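I opened the notebook to look up two things.

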Amino acid sequence: MFFHRSLFLGIRTFAVVPVLVLALSSPLGSGRRGELFVAWSAEDPSLRTRIAALSPTVSPDEARRVADTAYMTGRELHREWRVAWLPGIQNFLVNTGRRKGGLCFQWATELLVRLDALKLQTLELHWAESFANTNGEHNVIVVTARGQAFEKGILLDNWRYSGHLVWTQVAMDPEYHWTENKSELARRLGRARDVASKQVRSTMKSN
């Protein structure tokens, strides 16, 4: 996401955080559009339960590992990228070369690569985009049960609250309307695997 829209959203997000802290206590609530939830720890039981509830075929252990990985990715990258308290400010710092990471697609790509490394058998990953091909484009990762429709999935977003993991069902996001981009998922995973392969070859040659 670029600067001008993200700064506006960042300010708006910061302003409503106290309200969200009070409002997000029941992630398995009525199902009305507008629900957005914060994962408070790597062991957040609400997120684990919601992922596992995607289908009876979902492994509870895989649900646990996905929730843990998503949460820890946000925490680790927050430190590595020295993330600013507003997403819009972070975007400005990245775009002007003062930070090496923190744009929404970078959060999503890093999370995608880490989740892909889990070699999930009962869950499936999706690349999601909103306001595609505009200055306001935003990207997240969506997880579904294997073979399940994208619209049934749970979105995982580390960008929106500057490294604090937020999640909800795709169709219930209060700010974005999400669509799947399968080709972008394949492209980003392919690039990550190429980089990893080159690193392995380089290490073997140096030894």
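I looked up the second largest pocket and noted a volume of about 250 Å³. Ten residues line this pocket, and the closest to its centre are Gln-106, Thr-109, Glu-110, Val-113 and Ala-192. I checked the term: a pocket is an open set of points on a 1 Å grid where a 1.4 Å probe fits, with protein on both sides within 12 Å along at least five of seven lines, and lining residues have an atom within 4 Å of a point. Helices α5 (104–116) and α6 (182–206) each give two or more residues to the lining. With five residues, α5 gives the most.

The model is predicted: local features need pLDDT of at least 70, side-chain atom pairs need 80 or more, and totals for linings use all residues. Residues are numbered from 1 along each chain, and side-chain values use heavy atoms, without hydrogens or water.

Next I turned to the rings. I counted four aromatic pairs (ring centres within 6.5 Å; planes under 30 degrees apart are stacked, over 60 edge-to-face, the rest tilted). Phe-37 and Trp-167 make a tilted pair, 4.9 Å centre to centre with 45 degrees between the planes. Phe-37 lies in strand β1 and Trp-167 in strand β5, so this pair ties together parts that are 130 residues apart in sequence. Both Phe-37 and Trp-167 are buried (under 20% relative accessible area, 1.4 Å probe).

Trp-81 and Trp-107 form an edge-to-face pair: 4.9 Å centre to centre, 80 degrees between the planes. Trp-81 sits in the loop between α3 and α4, and Trp-107 in helix α5. Trp-81 and Trp-107 are buried.

Terms used. Grid points are joined across faces, edges and corners, and a volume is the space filled by probe spheres set on the points. Helices (H or I, at least four residues) and strands (E, at least two) are DSSP runs, numbered from the N terminus. Rings of Phe, Tyr and Trp (its six-membered ring) pair if their centres lie within 6.5 Å; planes under 30 degrees apart count as stacked, over 60 as edge-to-face and the rest as tilted. Buried means under 20% relative accessible area, exposed over 50%, partly exposed in between (1.4 Å probe, protein chains only).
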